[in-house]
Amino acid sequence: MDLYPFIIEHGLDIFTTVLGLLYIWLEYKAHIALWLVGIIMPALDIYLYYSHGLYGDAGMAAYYTIAAIYGYAVWKFGKKKGQGEGEEMPITHMPLRLYLPTLLAFVAIWAATYFVLVTWTNSTVPLLDAFTNALSFVGLWALARKYVEQWICWIVVDLICTYLYVVKGIPFKAFLYSLYVVIAILGYRKWQKMMKKE
């Protein structure tokens with residue numbers, strides 16, 4: 001088998017997969033550098049997803065790029081109740097008062113994204129593509145606020161994305177997201193332990 005054509009065809013998929021592994025490791029460790037990787041990787045993913053007809057994911061990647069800048073700023077300069085001067089933002093549970101607004105925002109984003117996909121694109125998977133995008137909005141916001149529950153969002157998103165990337169012929173991303181499922185489960189447990197220590 002000649003590897004050169006394969007690497008040329010899947011080069012961007014392979015490179016962003018490597019960045020994705022670095023990103024999830026930094027997220028698992030709750031290290032602020034995850035946001036720097038989180039700017040570069042999705043910027044490249046915009047083209048990767050768009051070229052494979054995953055228009056919702058391409059739009060989401062654009063959002064990730066911008067949101068990574070926000071996430072970095074919040075982790076670096078943000079404050080939570082009880083956080084001392086000069087201390088890192090602590091890992092906490094999402095307050096109960098935020099559950100209903102978060103659910104409503106998720107449903108609204110899912111519906112709006114689905115409408116855009118079925119109206120202006122030729123997406124063959126608009127329902128699932130819109131669902132993962134809407135839940136990713138919630139997950140990224142929860143990550144920026146260092147809420148443990150962000151991992152639950154990612155477990156669901158990663159399971160569905162693994163399926164979508166297999167169907168759409170993006171094998172390395174499919175592998176990456178299947179690995180993300182395992183790491184998200186471990187990350188949820190890790191953050192719970194870190195939260196108790198804090």
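A residue is called buried when its relative accessible area is under 20%, exposed when it is over 50%, and partly exposed in between, with a 1.4 Å probe and protein chains only. The model is predicted, so local features need pLDDT of at least 70 and side-chain atom pairs count only at pLDDT 80 or more, while totals for chains, interfaces and linings use all residues. Residues are numbered from 1 along each chain as its sequence is written, and side-chain values use heavy atoms, with hydrogens and water left out.

**Exercise 1.** Find the salt bridge, taken as a side-chain nitrogen of Lys or Arg within 4 Å of a carboxyl oxygen of Asp or Glu, and decide whether its partners are buried or exposed.

*Solution.* By this rule the count is one salt bridge, and Lys-173 forms it with Asp-45, the closest N and O atoms being 3.2 Å apart. Lys-173 belongs to helix H7 (residues 171-197) and Asp-45 to helix H2, so that the pair links distant parts of the chain, 128 residues apart; helices here are DSSP runs (H or I, at least four residues), numbered from the N terminus. Lys-173 is buried because its relative accessible area is 0%, and Asp-45 is buried as well, with a value of 5%.

**Exercise 2.** Describe the course of helix H2 around Asp-45.

*Solution.* H2 covers residues 34-51 and has 18 residues. A kink of about 30° is centred on Asp-45, the bend being the angle between axes fitted to the seven residues ending there and the seven starting there. Among the buried residues of H2 are Trp-35, Met-41 and Pro-42, and after the helix comes Gly-53, whose phi is positive, near 80°.

Key. Helices (H or I, at least four residues) and strands (E, at least two) are DSSP runs, numbered from the N terminus. The expected span of a helix is 1.5 Å times one less than its number of residues.
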